[in-house]
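Good morning, colleagues. Please look at the sequence and the structure as I put them on the screen; I shall begin with the ligand and then turn to the fold.

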Amino acid sequence: MTTDAQFWNKIARRYAANPVKDMSSYEQTLERAGSYLHADDSVLELGCGTATTALLLAPQVTQYTATDIADEMIAIGREKAVNQGASNVELVTATSDDARFSDGSRDAVLAFNLFHLVDDMDATLDMAHAALKPGGCLISKTACLGEASFFVPLMVRAMQMVGKAPFVRFFKIAELEQMIIAKGFDIIETGCYPAKPPSRFIVSRKR
Ligand SMILES: C[S@@+](CC[C@H](N)C(=O)[O-])C[C@H]1O[C@@H](n2cnc3c(N)ncnc32)[C@H](O)[C@@H]1O
């Protein structure tokens with residue numbers, strides 16, 4: 001098991017107990033992401049956490065696979081899926097570059113609050129591209145902490161030194177968007193929910 005998986009396993013129950021911090025930004029994200037989903041879609045979500053978003057979006061589609069690196073997040077997600085009677089949600093422990101999903105069968109790949117936590121973004125974007133049908137959408141939201149005050153990276157590094165923060169990448173918005181474009185996607189919608197520090201919402205279509 002990787003150090004990152006251990007970190008997220010350890011905090012999973014606490015993470016699940018915390019309410020969404022900024023409900024208005026969350027609702028905007030759900031509304032914009034949901035507007036790209038269709039009743040006959042097959043969706044793959046990366047880094048789903050405890051499946052809160054998965055369980056809200058799954059009723060809009062036929063099949064929804066929610067994945068996360070942390071077993072404990074997936075276990076909580078399964079409990080929630082059973083309690084809510086979700087019949088079309090499959091929960092799988094997997095890293096964001098897991099080749100099992102590279103089969104070109106998905107209409108949408110979703111990744112919320114994940115990319116800044118992923119060490120190998122090249123492999124993750126390659127997998128998302130390979131998982132999608134031609135014209136399928138990669139819909140993501142990413143904290144772009146490279147746009148925040150210089151104080152934020154200092155604070156994160158201090159927390160990492162005492163094991164209180166996982167791997168974090170300090171993206172600039174332009175850098176993140178260039179990475180996505182370079183991997184074979186056209187960006188078709190962007191936004192920041194919230195604006196400060198920017199959490200960049202990006203919808204991109206597989207070329
Ligand atoms: C900040 S949480 C976001 C969870 C959920 N997407 C949300 O928006 O509430 C990040 C999640 O990504 C998962 N994660 C971190 N690195 C990952 C990786 N390389 N592959 C898959 N999941 C990862 C963590 O276990 C955690 O559940």
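The ligand is surrounded by 19 residues, and the closest are W8, G47, G49, I69 and S96. A residue is counted here if its C-beta atom, placed from the backbone, lies within 6 Å of the molecule. Helix 1 (3-17) and helix 3 (52-57) are the elements that give two or more residues to this shell. By class, the shell has ten nonpolar, seven polar and two charged residues. Nonpolar covers Ala, Val, Leu, Ile, Met, Phe, Trp, Tyr, Cys and Pro; charged covers Asp, Glu, Lys and Arg; the others, Gly among them, are polar.

Two remarks on the source. This is a predicted model, in which local features need pLDDT of at least 70 and side-chain atom pairs count only at pLDDT 80 or more, while totals for chains, interfaces and linings use all residues. Residues are numbered from 1 along each chain as its sequence is written.

I now turn to the fold. The protein has seven helices and seven strands; these are DSSP runs, helices being H or I with at least four residues and strands E with at least two, numbered from the N terminus. From the N terminus on, the order is α-α-β-α-β-α-β-β-α-β-α-α-β-β.

How are the strands arranged? The seven strands form an open sheet in the order 3-2-1-4-5-7-6, with mixed pairing; two strands pair if DSSP finds at least two bridges between them. Strand 3 (89-93) and strand 6 (185-192) stand at the edges with a single partner strand each, so one side of each is left without a neighbour in the sheet. Strand 1 (residues 42-46) and strand 2 (residues 63-68) run parallel and are joined by four bridges. Within this pair, E45 has A66 in strand 2 as its bridge partner.

Helix 2 (residues 23-34) packs on the sheet, touching strand 4 (106-112), strand 5 (132-143), strand 6 and strand 7 (199-206). Helix 5 (residues 121-131) also packs on the sheet, touching strand 1, strand 4, strand 5 and strand 7. Contact means C-beta atoms, placed from the backbone, within 7 Å.

Finally, the protein overall. Its C-alpha trace spans about 45 × 35 × 35 Å along the principal axes. Of the 207 residues, 38% count as buried, that is, with 20 or more other C-beta atoms within 10 Å of their own, again placed from the backbone.

Note on methods:
Buried ≥ 20, exposed ≤ 12 C-beta atoms within 10 Å, placed from the backbone. Contact = placed C-beta atoms within 7 Å. Axes fitted to C-alpha atoms, helices over the stretch in contact; angles between N-to-C directions.
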